[in-house]
Amino acid sequence: VPRPDPADFLPLKSDVLLILLALAARPLHGYGIIRDVEARSEGQVVLQTGALYRTLRRLLGDDFIEECPRPSGEDSDDERRRYYQPTPLGRAVLQAEVDRMSRLVRAARLTAGGKLPRLL
Amino acid sequence: MVERLYRILLRWLPRDFRERFGTEMLDTARALDAERPRRPWTAVRAMSDAIVTPISLHAELRRDRRLATGRRRVPMESLVRDVGFALRGLRRDPVFTLFVGVTLALGIGANAAMFGIADRLLLSGPTHVQDAGRVVRLYSTELPPGMREFTTSGFGYITFDLLRRDARAFEQVATFARNDGVAGRGADARTVKVAFTSASLFPLLGVRPALGRFFTEAEDPPTGVSGVVVLSDRAWRDWFGAAPDVVGRTVTLNDESLEVIGVAPPGFTGPQLGRVDLWRPGNALAVRVTNNFQSAWNSQWLQVIGRLAPGVTREQAGAEATAVHRRGYTGGEPSTAQARLHVAGLGANDAGVEAIEVRVLRWLTGVTLVVLLIACANVANLLLARGVRRTREVAIRAALGAARWRLVRLLLIESVLLSLAGAAAGVFVAHLVGNAARQVLFEAIEWSSPPIDVRVLIASAGLAMITGLLIGAVPAWRASRGDVSAALRTGVREGGGRRSRLRTALTVTQAALSVVLLVGAGLFVKSLWTVRTLDLGVDADRILVVETTRESLARIPAGPAREAERQRRRLFFFEALERVRAVPGVEQASVAIGTPFGNRFTVRLRVADRAELPRLPGGGPGISAVSAGYFETAGTPIRRGRAFTQEDGPGTAPVAIVSELMASTIWPGGDAIGQCLLIGDGTPACTRVVGVAGNTYRSRLREDPVMHYYIPAGQEAGFGGAALLVRTPDTGGVVSGEIRRVFTGLDGSIVYVTAETMQSRIDPQMRPWRLGATVFALSGLLALVVAGIGIYSAMSYLVADRRGEISVRMALGAQGRDITRLVLRGSLLMAVAGVAIGEVMAASLGRYVEPLLFNTSPRDPVVFFGIAGLLIAVALAGTLVPALRARRINAVDALKGS
């Protein structure tokens, strides 16, 4: 089986990117993802429950994330909560996307004389 | 609450998904619910999520399956993405989006509304007419000696009879006449529109009854005695509550009991567009018009409708009708014997040409298209300005490898989205405008359909797409030609010269088109003003015309009793006069046979020592028989001599008062007073002229001057039909209500009393000008606002574009005043150019609009100068803010930025 090339999946949609970033830090359950993404995006992205699980389904299907056992130290009172973490492919894709974006920002800075570009 | 929402949502999700994620989702939702404060906004977002999730999930699953089977449809997917991107872009710029949306909504909405009206009046014509192109109305054109050629659609029964028998060019011929009637009795009585037709009309038009049947030829006997009636759909609903068993029930019309035999389909108005409440056999009207209607040539009361036989052209049909008429004519008028008959489609008016409303409507449709053009120009202008701001964004995308067609497509999608949003709002606008236009401007027309039908929707959506593509084309073309490296290198603000030229052109175009519309509005408003202030010779708005409808004389057995009743009715008005004068608010009242804008009579007239009277193009002279006090009541001045007094009447010496025009035409240079008129056939006694009265309009606002003379009521012979004229400052209803009470109290045989101002009989004639003035003025104002905002935005962007230049000037010592002058000059140049182009266009279009104006030159200088001043004032107002902003530009900041 040929290994999929992470570049084939780029660019990522912003909610996918944020979810992957959240899970890359530590395994989380659905509710945790929503809170992490909200904090990570400074309140700009508030995932809705339905939209979140739709995205999780895709990410599971694309083999970007997988279920994992409950991390120790998580004090959950509920056994039904499932936790997710990125697969090696998911991490590779995330890395590729971040690299792509930093190249873009560098290109933009270059044309703007080193300042942070204001495009609009 | 949110948790419950998701519990419901689960039911709609695909089973696999539900089994895998269901419990988890509920758990998350519950956790969120517990933690988050309950705000309406949260609930709304959760709700839309709950709605969107199953829909998109199903779509995703479908796409997965498709991908699995190898059918890839990636282009569609990217299109969806582009739409989403465009939507986000528009949401980021709400002022821009709102303004473009509103501009387009007004443009598209006005068009959709006009389409709805034009569709009925110009395109599809009366409803329920099968193959309407083959259905024609008959017209006759004749040239009486000394008068103008005139065309009429009025015929006698005999013409219909001749054509029915002899003309092969028509598959079928029918008659149609419309008359007011009174339905019900007493308090329930109301005037209704009754159509009198031959039985052949219904099969000719191809209409089927909604209920029961239409009448047959056997039910329309030459005696005119027929007890059947067909209800209109509206009458059936309003009077019988749409009862399914209405057939066989009775309707009281003009005090006669009629049996309902059928109901016409909704919106059916026969070969014309006016409202019809009841359908009656034609001969019932014919016997009321004249007693020998089957052979009379001198009465014309009906229209002849025909369906052309297969293969026959309108010209052939007209030629054959003329031949049949000339062969069959047995009347004594040489000009009628030589009359030319011809046919025209159902859209033509009574004179066989396009009705003036139709012509005005054609103009209005053009006007609304111009409004849409202005809206498009304005939106294109804004999109261009936005395009300039986005040049670098586009350039960066291109530099990053986005396909050029993709970028163009993105911009096109954005403009189509804007147009669609505009169209959606426009349908709402169309609904409002369409309803208002129908009620205010075309009130006499029976509208069977709601103002927006499917075709209007399709038309406006199509319009929106075309508009979107047109608008999108300019910036997209711009983007596709853009020099990427140049755009990336230089600043956004620079390189404005070439760009702003196109925007200037668009702004000037807007201004010019607005000027055209405003000049049109000015001309129509001036026409309306002229027609309103026209001296009619009577105070039409202060006179109530009172007429009565009575029980049929046929109820009284023929003989002395009937004759006595006839005499009593003839004198009734004179007896009622004193009572009416006593009503509070009544200034004066009098009886008149033959009133302005009412009945018009002519009898044979000779003048002693004169072989023949001079003829005027307007015809006449006309005659009225009036009681004492008439001239005071009507407000017609007596120029010389005296008015009639109580002493003038039946049995006293015959006297007359002539109009100024008649006096100066028949006795030029001489004195009319004391002259001798010979009125009537045979060898009448000499009627002495005792006075000269002011001229009056007799029937139309646009008529050739007519000679007219008056005799005392009671001295008339050969004509009748009295009305009571009441002069009162209160035409609102109190006085007319009181008069009604007086009348019905005095005479039990009165079924119904109408009391309406003379003005209300004139008003329908003013409709074309009112129509034109209203719509031109509204669209002109709309255009003015749009053009004003256009100039504002153009100047704002101009100032922004030239920030660098302005700051350099200021750094070099330019004063704020100089900067203001710089900006004002730019805007004034645009306004003046727009005014110049617009007024040249308006002047060259003038001759087309001239026939629609009333005593107003299409190059009226007041209108042209006024509009020029108005537009320049608006341009200056629109420039004020940008000009002040330009003064405040900080040279140091601006130069530092670049």
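Trainee: Why is the pair B:Cys676 and B:Cys686 called a disulfide?

Mentor: In this predicted model, the sulfur atoms of B:Cys676 and B:Cys686 are 1.7 Å apart. The cut-off is 2.5 Å, so the pair counts as a disulfide. The structure holds one disulfide over all chains.

Trainee: What does the pair tie together?

Mentor: B:Cys676 lies in strand S18 of chain B, residues 676–679, and B:Cys686 lies in the loop between S18 and strand S19, residues 687–693, so the pair ties together parts that are 10 residues apart in sequence.

Trainee: Is B:Cys676 buried or exposed, and how do you know?

Mentor: B:Cys676 has a relative accessible area of 11%. Buried means under 20%, so B:Cys676 is buried.

Trainee: What makes B:Cys686 partly exposed?

Mentor: The relative accessible area of B:Cys686 is 29%.

Trainee: Why are H2(A) and H3(A) called roughly perpendicular?

Mentor: The axes of helix H2 (residues 30–40) and helix H3 (residues 49–61) of chain A come within 11 Å and cross at roughly 105 degrees. Angles of 65 to 115 degrees count as roughly perpendicular, so that name applies to H2(A) and H3(A).

Trainee: Which residues meet there?

Mentor: From H2(A), A:Gly30, A:Ile33 and A:Ile34 meet A:Leu52, A:Tyr53 and A:Leu56 of H3(A). Five residues of this contact are nonpolar, one is polar and none is charged.

How values were computed. Residues are numbered from 1 along each chain as its sequence is written. Chains are lettered from A and ligands numbered from 1 in the order in which they are written. This is a predicted model: local features need pLDDT of at least 70, side-chain atom pairs count only at pLDDT 80 or more; totals for chains, interfaces and linings use all residues. Side-chain values use heavy atoms; hydrogens and water are left out. Helices (H or I, at least four residues) and strands (E, at least two) are DSSP runs, numbered from the N terminus. Buried means under 20% relative accessible area, exposed over 50%, partly exposed in between (1.4 Å probe, protein chains only). Axes are lines fitted to C-alpha atoms, for helices over the stretch in contact, and angles run from 0 to 180 degrees between N-to-C directions. Angles under 35 degrees count as roughly parallel, over 145 as roughly antiparallel, 65 to 115 as roughly perpendicular and the rest as oblique. Contact means heavy atoms within 4.5 Å. Ala, Val, Leu, Ile, Met, Phe, Trp, Tyr, Cys and Pro count as nonpolar, Asp, Glu, Lys and Arg as charged, and the others, Gly among them, as polar.
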